[in-house]
Amino acid sequence: MAQGLRLVLFGPPGAGKGTQAQLLRDSLKVTHISSGDLFRHHLGQGTELGLRAKEYMNKGELVPDEVTIDIILDKILSVSDEEGFILDGFPRNPHQAEELEKALNGKSRNIDKVVHIEVSEPELLRRLGGRYVCRACQAPHALGEGEDAASKKCDQCCGELYQRDDDGPEAVKKRIEVYNKETMPVLGFYRERGVLADIPGDNTVEQVNKQVMEALGA
Ligand code: AMP
C-alpha cells in the first residue's frame with residue numbers, strides 16, 4: 001500500500017494556509033488537521049478546552065503547549081500511514097516541532113515536506129482585515145468589492161460567514177508579532193532537516209497552489 005503524504009503548511013496568519021490546505025486535501029485526498037479549527041470547534045461547543053483556549057486566542061497569543069500538543073498529536077497519530085496528512089497551524093514553536101518529530105519517529109517516518117508560504121506584512125494586514133470564515137466548515141473567504149457577509153454564504157457548504165474575534169486589528173498585530181518571535185524559529189529546524197520549500201504567497205490562490213504542487217513533485 002502506498003504511503004500518504006506528510007506535509008506541514010507553514011506561514012504567518014493570513015498567508016493562505018487554510019485555503020491551500022483545503023485545495024490539497026481535495027486533490028491529494030489526505031486528512032487536513034488545523035489546530036486553529038480544532039480550537040474554534042471546541043470554542044463553539046463551549047467545552048472546557050475551548051474556554052481555556054479562548055483566553056489566549058482572543059489576545060492573539062499561542063495556547064500553551066500543555067493544552068495543545070497532546071490533543072494535536074492524538075489527531076495526527078490517528079491518521080493511517082496510507083492516508084497521510086496536512087498540518088495547518090502546527091507546529092508553531094520549536095518545542096512543538098520536537099514533540100511532533102518524537103511522536104512520528106515512533107511511526108518510523110517523519111514529515112516529508114514543509115511548505116513555507118511567504119507573504120509581506122502589508123498584504124497580511126489587508127487580507128486579515130477582509131477575511132470571513134464559515135461558522136460550519138471553517139472555510140476562509142475574502143469578500144469581493146460591494147459584497148457583505150450577511151448576504152453571502154459559504155462557497156463550500158452554504159454556512160453563515162463571520163469575522164473571527166482574533167482578526168481584529170489588535171489581535172492581528174499580536175499574532176504577527178508572535179509568529180515572528182515564536183514560530184519563525186521552526187523554519188531553521190526544518191531547514192536543517194532538508195525538507196523546507198519556500199513559496200511566494202503574494203500571488204493568486206491558483207498560482208500559489210500550482211507552486212505548492214510543484215514543490216511536492218505532484
Ligand atoms: P489559526 O487559525 O491557525 O490562525 O489559529 C488561531 C489561534 O489558535 C492562534 O492565534 C492561537 O491562539 C491558537 N493556536 C492554533 N494553533 C496553535 C498551536 N499550534 N499552538 C498554540 N496555539 C495555537
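I took two rings of Phe, Tyr or Trp (its six-membered ring) as a pair if their centres lie within 6.5 Å, with planes under 30 degrees apart counted as stacked, over 60 as edge-to-face and the rest as tilted. I worked on a predicted model, in which local features need pLDDT of at least 70, side-chain atom pairs count only at pLDDT 80 or more, and totals for chains, interfaces and linings use all residues. Residues are numbered from 1 along each chain as its sequence is written, and side-chain values use heavy atoms, with hydrogens and water left out.

**Entry 1: aromatic rings**

How many aromatic pairs does the rule give? I found 2 aromatic pairs. Phe10 belongs to strand S1 and Tyr179 to helix H7 (residues 169-183), so that the pair links parts of the chain 169 residues apart; helices (H or I, at least four residues) and strands (E, at least two) are DSSP runs, numbered from the N terminus. Both Phe10 and Tyr179 are buried, where buried means under 20% relative accessible area, exposed over 50% and partly exposed in between (1.4 Å probe, protein chains only).

For Phe189 and Tyr190, the centres are 5.1 Å apart and the planes at 85 degrees, so the pair is edge-to-face. Phe189 counts as buried because its relative accessibility is 11%; Tyr190 counts as buried at 3%.

**Entry 2: charges over rings**

I looked for NZ of Lys or CZ of Arg within 6 Å of a ring centre and within 35 degrees of the ring normal. Arg193 lies over the face of Phe189, 3.7 Å from the ring centre. The charged end of Arg135 sits over the ring of Tyr162, at 4.3 Å from its centre.

**Entry 3: nonpolar cores**

I defined a nonpolar core as a set of buried Ala, Val, Leu, Ile, Met, Phe, Trp, Tyr and Cys residues joined through side-chain atoms within 4.5 Å. Which members of the largest core touch the most others? Of its 25 residues, they are Ile76, Leu87, Leu100, Ile111 and Tyr190. S1, helix H4 (65-77), S3, helix H5 (94-105) and helix H8 (185-192) each give two or more residues to this core. A second, separate core has 19 residues, among them Ala21, Val115, Ile117 and Leu124.

**Entry 4: helix H1**

In H1, I noted Lys17, Gln20, Ala21, Gln22 and Leu24 as buried. Just after H1, Lys29 takes a positive phi of about 55 degrees.
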